[in-house]
Amino acid sequence: MLFLYLSLLCCLPHIAFSSHCTVETATKTFQKCMNLPTQQASIAWTFHPHNSTLELVFFGSFISPSGWVGWGINPTSPEMTGTRALIAFPDPNSGQIVLLPYILDPTVKLQKSPLLSRPLDIHLLSSTAAMYGGKMATVHNGAGIQIYGTMKLQTNKTKIHLVWNRGLYVQGYSPTIHPTTSTDLSSIATFDVLSGSSAPQHTDLTMLRVIHGTLNAISWGILLPIGAITARYLRHIQALGPAWFYAHAGVQLFGFVLGTVGFAIGIRLGQLSPGVEYSLHRKLGIAVFCLGALQSLALLFRPNARNKFRKYWKSYHHFVGYSCVVLGFVNVFQGFEVMGASRSYAKLVYCLGLSTLIGVCIALEVNSWVVFCRKSKEDKMRREGFIAASDKGTSSAIHN
């Protein structure tokens, strides 16, 4: 279990940074540069305080031959809605890179209408885009692009909200929605163009995401299933006595405590990430936590074995327990999708651990049925008089 925890902790995706930003391009040298916290993007800029003019270049990369890359400035808040953006993509007719201005109003986020190019209402002086490799370069997955923009900022306002992203497709001249992983939704930075200092945004949440994912994968996705396996297959081993119950309760309670911590971190992550919401993952998480809490409370109201309500309690306990385990599995995999780790080593490690549990379950289930069938056959032969109840030697001979 410790190995699995360390493996998940090491394998979960961290925010990717470029090794070094650069102030040099083929046509211009800038004063400052900065790595952006997602998508291995960076920027370089020169700010002229005497006339509040900002010259900025964005370094990004495509994720599809028919995709788009863009950046923009939100004049009011660090979010996508309201951003004035410059978006580059291959012209659907000529294949050459085009750069068009867009305003991301609320209808874009709700996908009520296609995103159409229109003039920006900020003082944009010039803009251009260039592929790495010049005119001979082609757009492909991973192809780099530089998007230049020169604009005039408001007097005495040097702090800007930068937003950037990239998508898979362009329909005509309308870029489609970008991927919605946590890194893509966190592509926002606030910084001061005069000093170069940046305000902390989602970069500080990386470790919280890793801890949240690791705790929940181990608790809801590993420990609770182990507790269920303990109760199902060890309770019939008479040599263990009540030890199976204490093992079952201990594992389940420990898993629930870890899951509660992971759940609380998830709630906090939601509070620290305005505008970022994973509806399905959130609803599943709340459902799993509530089911886990009900299971824990059920321990306090466990009727005596001779109580007439014991059978109803057992039915409730089994239904809620197995529901919690199944939804826990589903939400762990949903979490990998949210973190953009659907093809990561973290998911591979978890799948290996889960496969091991499934293999153990199959082996124990087969053994249970073999024992059950053997006892049924033995009881039938005893009822028909082929085996005397006190004749151990005959019984032993038949088993052999």
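Guide: Buried means under 20% relative accessible area, exposed means over 50%, and partly exposed lies in between (1.4 Å probe, protein chains only). This is a predicted model: local features need pLDDT of at least 70, side-chain atom pairs count only at pLDDT 80 or more, and totals for chains, interfaces and linings use all residues. Residues are numbered from 1 along each chain as its sequence is written, and side-chain values use heavy atoms, without hydrogens and water.

Visitor: Why is Cys290 called partly exposed?

Guide: Its relative accessibility is 40%. That falls between the 20% and 50% cut-offs, so Cys290 counts as partly exposed.

Visitor: What makes Cys21 and Cys33 a disulfide?

Guide: Their sulfur atoms are 2.1 Å apart. A disulfide needs two cysteine sulfur atoms within 2.5 Å, so the pair qualifies.

Visitor: Which parts does the pair tie together?

Guide: Cys21 lies in the loop between helix H1 (2–11) and strand S1 (32–35), and Cys33 in strand S1, so the joined parts are 12 residues apart in sequence. Helices (H or I, at least four residues) and strands (E, at least two) are DSSP runs, numbered from the N terminus.

Visitor: Why is this disulfide called right-handed?

Guide: The torsion about its S-S bond is about 55°, hence the label.

Visitor: How do you know that Cys290 is too far for a bond?

Guide: The closest cysteine sulfur, in Cys324, is 10.0 Å away. The limit is 2.5 Å.

Visitor: What makes strands S2 and S3 a pair?

Guide: Pairing takes at least two DSSP bridges. Strand S2 (residues 42–48) and strand S3 (residues 53–61) have seven, in the antiparallel sense. Phe47, for one, has Leu54 in S3 as its bridge partner.
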